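Q: I have a structure open and would like to go through parts of it. Can we take it piece by piece?
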Amino acid sequence: MTLSRRTLLATTAAVAATTTAAAGPAQAAPAGGGRPLRTGFERLADDGYALLDGERVGVVTNPTGITRDVRHIVDVMHADDRVNLTAVFGPEHGFRGTAQAGGSEGRYDDPATGLPVYDTYLKSGQPLADVFTASGVDTVVFDIQDVGARFYTYIWTLFDCMEAARLAGKRFVVLDRPNPVTGRAALGPVLHKEFATFVGRQPVSQAHGMTVAELALLFNGEFLASPVPLETVTMTGWKRSEFYDTSGLPWVPPSPNMPTPETALVYSGTCLFEGTNLSEGRGTTRPFELLGAEGVDGRWAAAANELGLPGVRFREAYFAPTFSKFQGKTVGGVQLHVHDRAAFDPVRTGIALLVTARRSWDGFAWRSDNWIDKLTGSTQVRTMIDAGAGTDEVVGAWQRELAAFRAVRRQYLLYR
(Lines give C-alpha, C1' and ligand atoms only; values in the text may rest on other atoms or scores of the structure.)
Protein backbone atom coordinates (compact mmCIF):
# COMPACT_ATOMS: atom_id res chain seq x y z
CA MET A 1 0.00 0.00 0.00
CA THR A 2 1.28 3.46 -0.88
CA LEU A 3 -0.21 6.46 0.87
CA SER A 4 1.35 9.88 0.30
CA ARG A 5 0.00 12.78 2.33
CA ARG A 6 -0.84 15.90 0.39
CA THR A 7 -1.29 19.36 1.77
CA LEU A 8 -4.97 19.88 2.55
CA LEU A 9 -6.85 22.70 0.86
CA ALA A 10 -7.20 25.57 3.29
CA THR A 11 -10.64 27.10 3.39
CA THR A 12 -11.95 29.99 5.43
CA ALA A 13 -14.49 28.86 8.02
CA ALA A 14 -17.52 31.09 8.05
CA VAL A 15 -18.01 30.25 11.68
CA ALA A 16 -14.63 29.58 13.22
CA ALA A 17 -16.07 28.67 16.59
CA THR A 18 -18.04 25.76 15.21
CA THR A 19 -16.08 24.48 12.24
CA THR A 20 -12.81 22.87 11.30
CA ALA A 21 -11.57 23.99 7.89
CA ALA A 22 -9.94 21.60 5.48
CA ALA A 23 -6.52 23.03 6.25
CA GLY A 24 -6.08 19.97 8.43
CA PRO A 25 -6.84 18.36 11.78
CA ALA A 26 -4.11 20.27 13.59
CA GLN A 27 -6.47 23.26 13.65
CA ALA A 28 -9.25 21.40 15.46
CA ALA A 29 -9.87 21.73 19.16
CA PRO A 30 -10.49 18.28 20.65
CA ALA A 31 -13.88 17.44 22.04
CA GLY A 32 -14.49 16.08 25.51
CA GLY A 33 -13.83 17.65 28.88
CA GLY A 34 -17.05 16.47 30.44
CA ARG A 35 -19.34 18.60 28.27
CA PRO A 36 -22.62 17.12 27.01
CA LEU A 37 -22.25 15.76 23.50
CA ARG A 38 -23.34 18.09 20.72
CA THR A 39 -23.44 16.73 17.19
CA GLY A 40 -22.25 18.65 14.18
CA PHE A 41 -25.81 19.51 13.22
CA GLU A 42 -26.64 20.74 16.72
CA ARG A 43 -23.63 23.07 16.65
CA LEU A 44 -24.52 24.28 13.17
CA ALA A 45 -28.08 25.07 14.30
CA ASP A 46 -26.89 26.63 17.58
CA ASP A 47 -24.96 29.16 15.49
CA GLY A 48 -27.97 30.03 13.38
CA TYR A 49 -26.66 28.20 10.29
CA ALA A 50 -24.15 31.02 9.76
CA LEU A 51 -21.86 28.62 7.89
CA LEU A 52 -24.57 28.26 5.22
CA ASP A 53 -25.60 31.90 5.04
CA GLY A 54 -26.46 33.03 1.52
CA GLU A 55 -25.99 29.54 0.06
CA ARG A 56 -28.43 27.25 -1.72
CA VAL A 57 -28.03 24.06 0.29
CA GLY A 58 -28.50 20.40 -0.54
CA VAL A 59 -28.26 17.68 2.11
CA VAL A 60 -27.01 14.12 1.67
CA THR A 61 -28.77 12.21 4.42
CA ASN A 62 -31.00 9.30 5.42
CA PRO A 63 -33.23 8.47 8.42
CA THR A 64 -30.26 8.79 10.80
CA GLY A 65 -30.01 12.54 10.18
CA ILE A 66 -32.06 13.44 13.22
CA THR A 67 -31.99 15.73 16.23
CA ARG A 68 -31.98 14.34 19.75
CA ASP A 69 -35.75 14.92 19.89
CA VAL A 70 -36.00 12.66 16.78
CA ARG A 71 -36.95 15.31 14.24
CA HIS A 72 -35.27 14.91 10.89
CA ILE A 73 -32.76 17.65 10.10
CA VAL A 74 -34.32 18.17 6.66
CA ASP A 75 -37.68 18.93 8.28
CA VAL A 76 -35.99 21.23 10.82
CA MET A 77 -33.94 23.13 8.23
CA HIS A 78 -36.83 23.41 5.78
CA ALA A 79 -38.93 25.10 8.47
CA ASP A 80 -36.19 27.58 9.39
CA ASP A 81 -35.91 30.82 7.39
CA ARG A 82 -32.23 31.15 8.32
CA VAL A 83 -31.19 28.41 5.88
CA ASN A 84 -32.07 28.06 2.19
CA LEU A 85 -32.50 24.30 1.82
CA THR A 86 -33.30 23.53 -1.81
CA ALA A 87 -32.54 19.82 -2.36
CA VAL A 88 -32.03 16.45 -0.70
CA PHE A 89 -29.77 13.64 -1.92
CA GLY A 90 -30.66 10.07 -0.92
CA PRO A 91 -28.09 7.21 -0.62
CA GLU A 92 -28.62 3.44 -0.58
CA HIS A 93 -31.91 2.61 1.19
CA GLY A 94 -33.12 6.13 0.39
CA PHE A 95 -33.55 9.47 2.16
CA ARG A 96 -36.59 8.29 4.13
CA GLY A 97 -35.28 4.71 4.33
CA THR A 98 -37.92 2.81 2.39
CA ALA A 99 -35.58 0.57 0.35
CA GLN A 100 -33.84 -2.68 1.34
CA ALA A 101 -30.16 -3.52 0.81
CA GLY A 102 -29.08 -2.84 -2.77
CA GLY A 103 -31.97 -0.46 -3.41
CA SER A 104 -32.86 3.23 -3.37
CA GLU A 105 -35.88 5.48 -3.66
CA GLY A 106 -35.14 7.14 -7.02
CA ARG A 107 -35.98 10.73 -7.94
CA TYR A 108 -39.13 12.19 -6.35
CA ASP A 109 -40.49 15.20 -4.48
CA ASP A 110 -40.60 14.69 -0.73
CA PRO A 111 -44.26 14.75 0.38
CA ALA A 112 -43.45 16.33 3.76
CA THR A 113 -41.43 19.30 2.49
CA GLY A 114 -41.97 19.43 -1.26
CA LEU A 115 -38.19 19.39 -1.73
CA PRO A 116 -36.76 17.55 -4.73
CA VAL A 117 -34.99 14.34 -3.68
CA TYR A 118 -32.19 13.13 -5.96
CA ASP A 119 -30.86 9.58 -5.97
CA THR A 120 -27.09 9.17 -5.44
CA TYR A 121 -27.01 5.38 -5.14
CA LEU A 122 -24.56 3.73 -7.56
CA LYS A 123 -23.66 7.15 -9.00
CA SER A 124 -20.15 8.56 -8.82
CA GLY A 125 -17.77 10.80 -10.74
CA GLN A 126 -19.21 12.99 -13.46
CA PRO A 127 -22.72 11.44 -13.45
CA LEU A 128 -23.06 12.33 -9.75
CA ALA A 129 -21.50 15.75 -10.37
CA ASP A 130 -24.19 16.28 -13.00
CA VAL A 131 -26.84 15.55 -10.35
CA PHE A 132 -25.36 18.22 -8.08
CA THR A 133 -25.21 20.67 -10.99
CA ALA A 134 -28.81 19.96 -11.99
CA SER A 135 -29.98 20.52 -8.41
CA GLY A 136 -28.71 24.09 -8.44
CA VAL A 137 -27.14 23.94 -4.97
CA ASP A 138 -24.03 25.88 -3.93
CA THR A 139 -23.11 23.74 -0.93
CA VAL A 140 -23.54 20.02 -0.32
CA VAL A 141 -23.99 19.04 3.34
CA PHE A 142 -23.43 15.45 4.53
CA ASP A 143 -25.07 14.09 7.69
CA ILE A 144 -25.36 10.29 7.96
CA GLN A 145 -24.63 8.01 10.92
CA ASP A 146 -21.78 5.59 10.15
CA VAL A 147 -21.06 2.29 11.94
CA GLY A 148 -17.27 2.13 11.72
CA ALA A 149 -16.67 -0.53 9.04
CA ARG A 150 -14.94 -0.03 5.69
CA PHE A 151 -17.58 -2.01 3.82
CA TYR A 152 -20.51 0.02 5.12
CA THR A 153 -21.40 1.91 1.97
CA TYR A 154 -22.27 5.31 3.46
CA ILE A 155 -18.62 6.28 3.88
CA TRP A 156 -18.14 5.66 0.15
CA THR A 157 -21.26 7.73 -0.53
CA LEU A 158 -19.35 10.42 1.37
CA PHE A 159 -16.26 9.85 -0.79
CA ASP A 160 -18.22 9.81 -4.05
CA CYS A 161 -20.15 12.94 -3.12
CA MET A 162 -16.95 14.77 -2.20
CA GLU A 163 -15.41 13.86 -5.54
CA ALA A 164 -18.59 14.85 -7.40
CA ALA A 165 -18.79 18.15 -5.52
CA ARG A 166 -15.20 18.85 -6.56
CA LEU A 167 -16.04 18.17 -10.19
CA ALA A 168 -19.17 20.31 -10.02
CA GLY A 169 -17.44 23.20 -8.24
CA LYS A 170 -19.51 22.89 -5.07
CA ARG A 171 -18.49 23.46 -1.48
CA PHE A 172 -18.77 20.44 0.85
CA VAL A 173 -19.68 20.46 4.55
CA VAL A 174 -19.64 17.40 6.83
CA LEU A 175 -21.67 17.38 10.05
CA ASP A 176 -20.04 14.97 12.47
CA ARG A 177 -21.61 12.21 14.55
CA PRO A 178 -20.07 9.60 16.88
CA ASN A 179 -18.48 6.39 15.69
CA PRO A 180 -20.84 4.08 17.62
CA VAL A 181 -18.17 1.44 18.29
CA THR A 182 -15.58 4.02 19.48
CA GLY A 183 -12.71 5.62 17.65
CA ARG A 184 -10.01 3.84 19.63
CA ALA A 185 -8.22 1.86 16.96
CA ALA A 186 -8.03 0.87 13.33
CA LEU A 187 -8.33 -2.90 12.93
CA GLY A 188 -8.12 -5.50 10.20
CA PRO A 189 -6.74 -5.78 6.67
CA VAL A 190 -6.24 -2.71 4.50
CA LEU A 191 -7.91 -2.72 1.09
CA HIS A 192 -5.70 -3.18 -1.99
CA LYS A 193 -6.72 -0.77 -4.73
CA GLU A 194 -7.24 -3.50 -7.34
CA PHE A 195 -10.16 -4.73 -5.18
CA ALA A 196 -11.89 -1.36 -5.02
CA THR A 197 -15.70 -1.48 -5.17
CA PHE A 198 -18.59 0.36 -3.49
CA VAL A 199 -17.81 -1.65 -0.32
CA GLY A 200 -14.30 -0.18 -0.33
CA ARG A 201 -13.04 2.51 -2.66
CA GLN A 202 -9.67 3.25 -1.05
CA PRO A 203 -6.97 1.62 1.16
CA VAL A 204 -8.68 1.91 4.54
CA SER A 205 -8.61 -0.74 7.26
CA GLN A 206 -11.62 -3.00 7.78
CA ALA A 207 -12.59 -1.24 11.04
CA HIS A 208 -11.38 2.34 10.58
CA GLY A 209 -11.96 3.79 14.06
CA MET A 210 -12.80 7.25 12.69
CA THR A 211 -15.77 9.60 12.54
CA VAL A 212 -17.21 10.74 9.22
CA ALA A 213 -15.58 14.17 9.58
CA GLU A 214 -12.20 12.53 10.15
CA LEU A 215 -12.75 10.28 7.15
CA ALA A 216 -13.64 13.32 5.05
CA LEU A 217 -10.33 14.94 5.98
CA LEU A 218 -8.51 11.68 5.18
CA PHE A 219 -10.25 11.39 1.82
CA ASN A 220 -9.48 15.01 0.97
CA GLY A 221 -5.85 14.77 2.00
CA GLU A 222 -4.98 11.35 0.59
CA PHE A 223 -7.40 9.99 -1.98
CA LEU A 224 -9.23 12.62 -4.03
CA ALA A 225 -7.61 13.61 -7.32
CA SER A 226 -7.53 17.15 -5.90
CA PRO A 227 -9.14 18.51 -2.75
CA VAL A 228 -12.73 19.70 -2.59
CA PRO A 229 -13.46 22.94 -0.67
CA LEU A 230 -14.26 21.14 2.59
CA GLU A 231 -15.40 22.20 6.02
CA THR A 232 -16.31 20.00 8.96
CA VAL A 233 -18.55 20.86 11.87
CA THR A 234 -17.14 18.86 14.74
CA MET A 235 -18.85 17.47 17.82
CA THR A 236 -18.18 18.65 21.33
CA GLY A 237 -18.28 16.31 24.30
CA TRP A 238 -17.29 13.10 22.47
CA LYS A 239 -14.26 11.01 23.40
CA ARG A 240 -12.69 8.29 21.27
CA SER A 241 -13.20 5.65 23.96
CA GLU A 242 -16.97 6.12 24.18
CA PHE A 243 -19.59 3.73 22.83
CA TYR A 244 -22.87 4.98 21.40
CA ASP A 245 -24.97 4.39 24.51
CA THR A 246 -22.97 7.05 26.36
CA SER A 247 -23.87 9.71 23.79
CA GLY A 248 -27.43 10.40 24.93
CA LEU A 249 -28.49 10.29 21.29
CA PRO A 250 -31.38 8.16 19.99
CA TRP A 251 -30.39 5.27 17.73
CA VAL A 252 -31.99 5.09 14.32
CA PRO A 253 -31.05 2.02 12.24
CA PRO A 254 -28.75 3.37 9.49
CA SER A 255 -29.96 0.51 7.29
CA PRO A 256 -32.62 -2.18 7.69
CA ASN A 257 -30.14 -4.80 8.93
CA MET A 258 -28.41 -2.57 11.48
CA PRO A 259 -31.14 -2.46 14.14
CA THR A 260 -29.05 -1.69 17.24
CA PRO A 261 -25.63 -0.39 18.31
CA GLU A 262 -24.89 -3.98 19.35
CA THR A 263 -25.22 -4.98 15.69
CA ALA A 264 -22.66 -2.35 14.79
CA LEU A 265 -20.31 -3.70 17.45
CA VAL A 266 -19.93 -7.07 15.69
CA TYR A 267 -20.56 -5.98 12.11
CA SER A 268 -17.00 -5.19 11.06
CA GLY A 269 -16.11 -8.84 11.71
CA THR A 270 -19.18 -10.94 11.05
CA CYS A 271 -20.17 -9.16 7.83
CA LEU A 272 -17.42 -11.32 6.32
CA PHE A 273 -19.97 -14.15 6.30
CA GLU A 274 -21.66 -12.35 3.40
CA GLY A 275 -18.75 -13.81 1.43
CA THR A 276 -19.62 -17.41 2.38
CA ASN A 277 -22.48 -19.85 1.91
CA LEU A 278 -23.52 -19.35 5.55
CA SER A 279 -26.25 -16.95 6.64
CA GLU A 280 -25.00 -13.76 8.23
CA GLY A 281 -28.30 -13.51 10.10
CA ARG A 282 -30.21 -11.34 7.63
CA GLY A 283 -33.89 -12.08 8.00
CA THR A 284 -33.60 -12.49 11.78
CA THR A 285 -33.97 -10.05 14.66
CA ARG A 286 -30.20 -10.41 15.31
CA PRO A 287 -28.45 -9.87 11.97
CA PHE A 288 -24.66 -10.32 12.15
CA GLU A 289 -24.97 -11.73 15.67
CA LEU A 290 -26.54 -14.96 14.40
CA LEU A 291 -24.57 -16.99 11.84
CA GLY A 292 -25.35 -20.42 10.44
CA ALA A 293 -26.32 -22.85 7.70
CA GLU A 294 -28.15 -26.13 7.19
CA GLY A 295 -26.08 -28.96 8.62
CA VAL A 296 -24.11 -26.88 11.13
CA ASP A 297 -24.29 -28.18 14.69
CA GLY A 298 -22.84 -27.47 18.13
CA ARG A 299 -19.29 -28.31 17.12
CA TRP A 300 -18.83 -24.84 15.68
CA ALA A 301 -19.74 -22.99 18.89
CA ALA A 302 -17.54 -25.38 20.87
CA ALA A 303 -14.57 -24.80 18.58
CA ALA A 304 -15.01 -21.02 18.73
CA ASN A 305 -15.27 -21.02 22.53
CA GLU A 306 -12.09 -23.10 22.83
CA LEU A 307 -10.14 -20.17 21.34
CA GLY A 308 -10.83 -18.02 24.39
CA LEU A 309 -11.31 -14.87 22.33
CA PRO A 310 -11.42 -11.76 24.51
CA GLY A 311 -14.78 -10.23 25.37
CA VAL A 312 -17.05 -12.70 23.57
CA ARG A 313 -18.69 -16.09 24.00
CA PHE A 314 -20.55 -18.23 21.48
CA ARG A 315 -23.84 -20.01 21.94
CA GLU A 316 -25.06 -22.91 19.81
CA ALA A 317 -28.08 -21.44 18.05
CA TYR A 318 -30.84 -22.42 15.61
CA PHE A 319 -32.89 -19.95 13.60
CA ALA A 320 -35.03 -19.61 10.46
CA PRO A 321 -34.35 -16.48 8.36
CA THR A 322 -37.45 -14.80 6.97
CA PHE A 323 -35.52 -13.57 3.90
CA SER A 324 -32.07 -13.76 2.31
CA LYS A 325 -30.03 -16.98 2.63
CA PHE A 326 -31.99 -20.06 3.83
CA GLN A 327 -35.27 -18.16 3.80
CA GLY A 328 -37.87 -20.15 5.75
CA LYS A 329 -35.43 -22.97 6.61
CA THR A 330 -34.15 -23.82 10.06
CA VAL A 331 -30.37 -23.59 10.22
CA GLY A 332 -27.80 -24.26 12.91
CA GLY A 333 -24.92 -22.05 13.93
CA VAL A 334 -23.76 -19.64 16.59
CA GLN A 335 -24.87 -16.49 18.32
CA LEU A 336 -22.22 -14.05 19.50
CA HIS A 337 -22.60 -12.75 23.05
CA VAL A 338 -20.23 -9.84 23.71
CA HIS A 339 -19.69 -9.59 27.48
CA ASP A 340 -16.74 -7.15 27.50
CA ARG A 341 -17.02 -4.74 24.59
CA ALA A 342 -13.83 -2.88 25.53
CA ALA A 343 -11.80 -6.09 25.12
CA PHE A 344 -13.73 -7.41 22.12
CA ASP A 345 -11.94 -7.37 18.75
CA PRO A 346 -14.60 -7.75 16.05
CA VAL A 347 -12.21 -8.37 13.14
CA ARG A 348 -10.13 -11.04 14.90
CA THR A 349 -13.40 -12.63 16.00
CA GLY A 350 -14.74 -12.65 12.45
CA ILE A 351 -11.57 -14.34 11.19
CA ALA A 352 -11.69 -16.89 14.02
CA LEU A 353 -15.28 -17.74 13.13
CA LEU A 354 -14.36 -18.25 9.48
CA VAL A 355 -11.46 -20.52 10.45
CA THR A 356 -13.53 -22.60 12.87
CA ALA A 357 -16.54 -22.78 10.53
CA ARG A 358 -14.36 -24.19 7.76
CA ARG A 359 -12.77 -26.73 10.13
CA SER A 360 -15.96 -27.86 11.88
CA TRP A 361 -18.40 -28.04 8.96
CA ASP A 362 -17.52 -29.84 5.74
CA GLY A 363 -20.16 -27.89 3.79
CA PHE A 364 -18.31 -24.59 4.16
CA ALA A 365 -17.70 -22.68 0.91
CA TRP A 366 -16.89 -19.18 -0.23
CA ARG A 367 -19.38 -17.36 -2.42
CA SER A 368 -18.63 -18.25 -6.02
CA ASP A 369 -17.88 -14.63 -6.97
CA ASN A 370 -15.18 -14.43 -4.25
CA TRP A 371 -17.08 -11.59 -2.58
CA ILE A 372 -14.93 -12.27 0.48
CA ASP A 373 -12.00 -10.68 -1.39
CA LYS A 374 -13.99 -7.46 -1.87
CA LEU A 375 -14.92 -7.41 1.82
CA THR A 376 -11.41 -8.09 3.13
CA GLY A 377 -9.72 -6.07 0.41
CA SER A 378 -7.46 -8.73 -1.12
CA THR A 379 -7.17 -12.49 -1.71
CA GLN A 380 -5.03 -12.92 1.40
CA VAL A 381 -7.68 -13.93 3.95
CA ARG A 382 -9.39 -16.40 1.64
CA THR A 383 -6.23 -18.08 0.39
CA MET A 384 -4.65 -18.32 3.84
CA ILE A 385 -7.76 -19.90 5.38
CA ASP A 386 -8.00 -22.31 2.45
CA ALA A 387 -4.37 -23.26 3.06
CA GLY A 388 -5.14 -24.15 6.68
CA ALA A 389 -3.84 -21.02 8.42
CA GLY A 390 -5.08 -20.30 11.92
CA THR A 391 -6.48 -17.07 13.30
CA ASP A 392 -3.16 -15.69 14.54
CA GLU A 393 -1.45 -16.35 11.22
CA VAL A 394 -4.16 -14.62 9.23
CA VAL A 395 -4.31 -11.63 11.56
CA GLY A 396 -0.52 -11.38 11.63
CA ALA A 397 -0.31 -11.21 7.85
CA TRP A 398 -1.86 -7.75 7.58
CA GLN A 399 -0.07 -6.03 10.46
CA ARG A 400 2.53 -4.18 8.38
CA GLU A 401 -0.07 -2.64 6.08
CA LEU A 402 -2.29 -1.84 9.06
CA ALA A 403 0.59 -0.05 10.82
CA ALA A 404 1.14 2.09 7.71
CA PHE A 405 -2.55 3.00 7.56
CA ARG A 406 -2.61 3.83 11.27
CA ALA A 407 0.27 6.25 10.80
CA VAL A 408 -1.62 8.11 8.04
CA ARG A 409 -4.93 7.96 9.93
CA ARG A 410 -3.36 9.56 13.01
CA GLN A 411 -2.82 12.81 11.12
CA TYR A 412 -6.56 13.30 10.59
CA LEU A 413 -7.97 12.55 14.05
CA LEU A 414 -10.02 15.37 15.57
CA TYR A 415 -10.81 14.02 19.02
CA ARG A 416 -8.97 12.57 22.01
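Q: At what angle do the axes of helix H4 and helix H5 cross?
A: This is a predicted model, so everything here describes a prediction. In it, the axes of H4 (residues 154-168) and H5 (residues 212-223) cross at roughly 45 degrees and come within 10 Å.

Q: Is the crossing of H4 and H5 left-handed or right-handed?
A: The crossing of H4 and H5 is right-handed.

Q: Which residues make the contact?
A: H4 contributes Ile155, Trp156, Leu158, Phe159 and Met162. From H5 come Val212, Leu215, Ala216, Phe219, Asn220 and Phe223.

Q: How do those divide into nonpolar, polar and charged?
A: The contact of H4 with H5 has ten nonpolar residues, one polar residue and no charged ones.

Q: Staying with H5, how many of its residues are buried?
A: Twelve of the twelve, so H5 is largely enclosed by the rest of the structure. Among the buried residues are Glu214, Asn220 and Glu222, along with Leu217 and Leu218.

Q: Back to H4. At what angle does it cross helix H3?
A: The axes of H3 (residues 125-135) and H4 cross at roughly 70 degrees, and they come within 8 Å. Since 65 to 115 degrees counts as roughly perpendicular, H3 and H4 are therefore roughly perpendicular to each other. H3 passes H4 in a right-handed crossing.

Q: Which residues of H3 and H4 are in contact?
A: On H3 they are Gly125, Gln126, Leu128, Ala129, Phe132 and Thr133. On H4 they are Asp160, Cys161, Ala164, Ala165, Leu167 and Ala168. By class, the contact of H3 with H4 has eight nonpolar residues, three polar and one charged.

Q: Now helix H7 and helix H8. What is their crossing angle?
A: The axes of H7 (residues 299-306) and H8 (residues 346-360) cross at roughly 135 degrees and come within 9 Å.

Q: Next topic, Glu42. Is it buried or exposed?
A: Buried: the relative accessible area of Glu42 is 7%, and buried means under 20%. Glu42 is in helix H1 (residues 40-46).

Q: Which residue does the Glu42 side chain have a polar contact with?
A: Arg68: a polar contact of 2.5 Å joins the two side chains. Leaving out residues up to four places away in sequence, Glu42 touches Leu37 and Arg68.

Q: Where is Val296?
A: Val296 is in the loop between strand E11 (290-293) and H7. With 7% relative accessibility, Val296 counts as buried.

Q: What does Val296 touch?
A: Not counting residues up to four places away in sequence, Val296 touches Tyr318, Gly332, Gly333 and Trp361. Gly332 is 36 residues from Val296 along the chain, yet their C-alpha atoms are separated by 4.9 Å.

Q: And which strand has Leu290?
A: Leu290 is in strand E11. Leu290 is buried, with a relative accessible area of 9%. Its contacts beyond four places in sequence include Thr284, Ala317, Phe319 and Val334.

Q: What about phi of Thr182?
A: Phi of Thr182 is also positive, near 80 degrees, and Thr182 is a residue other than glycine. Thr182 lies in the loop between strand E7 (171-175) and strand E8 (187-190). Thr182 is buried, with a relative accessible area of 5%.

Key. Residues numbered from 1 in each chain as written. Heavy atoms only, no water. Axes fitted to C-alpha atoms, helices over the stretch in contact; angles between N-to-C directions. Helix = DSSP H or I, 4+ residues; strand = E, 2+ residues; numbered from the N terminus. Left-handed = near helix turned anticlockwise from the far one by under 90°. Contact = heavy atoms within 4.5 Å. Nonpolar A, V, L, I, M, F, W, Y, C, P; charged D, E, K, R; others polar. Buried < 20%, exposed > 50% of the residue type's maximum accessible area, 1.4 Å probe, protein only. Polar contact = N/O pair within 3.5 Å; in protein donor to acceptor, adjacent residues only side chain to side chain. Parallel < 35°, antiparallel > 145°, perpendicular 65-115°, else oblique.
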